[in-house]
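Subject: Structure handover

Hello,

Here is the structure for you to look through. My notes on what turned up follow below it.

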Amino acid sequence: AYRICVFDARTRRDGAPIEELGSYNPQGKSIDDKVVLNKERALHWLSVGAQPTDTVASFFRKLGVRKGQPL
């Protein structure tokens, strides 16, 4: 299982996250079983300029989280 977190770009690789948004378990059967995400906080971070990785961006697309979406 993996955590979905917010990091400052200047943080070292193993540094502490700013906030944990959810988790990803690749062994789940559907996207809802695989990804647990606090959508409200994800939208907040996108609205203030956070850039998701390609993998997390694909989770956001599948779950309907889009930049500019109302909170």
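First, a term: two strands count as paired if DSSP finds at least two bridges between them. Please keep in mind that this is a predicted model.

**Sheet**

On that rule, the strands β1, β2 and β3 form an open sheet, in the order β1-β2-β3 and with antiparallel pairing. Two of them sit at the edges: β1 (2–6) and β3 (35–37) each pair on one side only. From one strand to the next, the twist averages 25°. The antiparallel pairing of β1 with β2 (residues 19–24) runs over 5 bridges.

**Overall build**

The count is 3 helices and 3 strands. Read from the N terminus, the elements come in the order β-β-α-β-α-α. The C-alpha atoms fill a box of roughly 35 × 30 × 20 Å along the principal axes. The radius of gyration is 12 Å; a compact globule of 71 residues would have one near 11 Å, so the two agree. Take contacts between residues at least 6 apart in sequence: 35% of them join residues at least 24 apart. The accessible surface comes to about 5300 Å², and carbon and sulfur atoms account for 47% of that. Of the 71 residues, 28% are buried.

**Helices on the sheet**

Helix α2 (residues 39–47) lies across β1, β2 and β3. Its direction is at about 125° to β2. Helix α3 (residues 54–63) also lies across β1, β2 and β3, running at about 80° to β3.

Which residues of α3 are buried? They are Val 56, Ala 57, Ser 58, Phe 59, Phe 60 and Leu 63. What do these buried residues pack against? The list is β1, β2, α1 (31–34), β3 and α2. After α3 comes Gly 64, with a positive phi near 80°.

**Core**

In soluble globular proteins, nonpolar side chains tend to be buried together. Here the largest nonpolar core has 14 residues. Those with the most contacts inside this core are Ile 4, Leu 21, Val 35, Leu 37, Ala 42, Phe 60 and Val 65. The elements giving two or more residues to this core are β1, β3, α2 and α3.

Leaving out residues up to four places away in sequence, Leu 37 touches Ile 4, Leu 21, Gly 22, Ala 42, Phe 60, Leu 63 and Val 65.

**A loop residue**

Ala 16 sits in the loop between β1 and β2. Is Ala 16 buried or exposed? Exposed means over 50% relative accessible area. Ala 16 has 63% relative accessibility, so Ala 16 counts as exposed. Beyond residues up to four places away in sequence, Ala 16 touches Phe 7 and Thr 11.

Another alanine, Ala 57, is among the buried residues of α3. Ala 16 and Ala 57 lie 41 residues apart in sequence. In space, the gap is 21 Å from C-alpha to C-alpha.

Best wishes

Key:
Residues numbered from 1 in each chain as written. Predicted model: local features only at pLDDT ≥ 70, side-chain atom pairs only at ≥ 80, totals over all residues. Heavy atoms only, no water. Helix = DSSP H or I, 4+ residues; strand = E, 2+ residues; numbered from the N terminus. Axes fitted to C-alpha atoms, helices over the stretch in contact; angles between N-to-C directions. Contact = heavy atoms within 4.5 Å. Buried < 20%, exposed > 50% of the residue type's maximum accessible area, 1.4 Å probe, protein only. Rg over C-alpha atoms; globule rule 2.2 N^0.38 Å. Areas by Shrake-Rupley, 256 points an atom, 1.4 Å probe, with all protein chains shown as cover. Core = buried A, V, L, I, M, F, W, Y, C linked by side-chain atoms within 4.5 Å.
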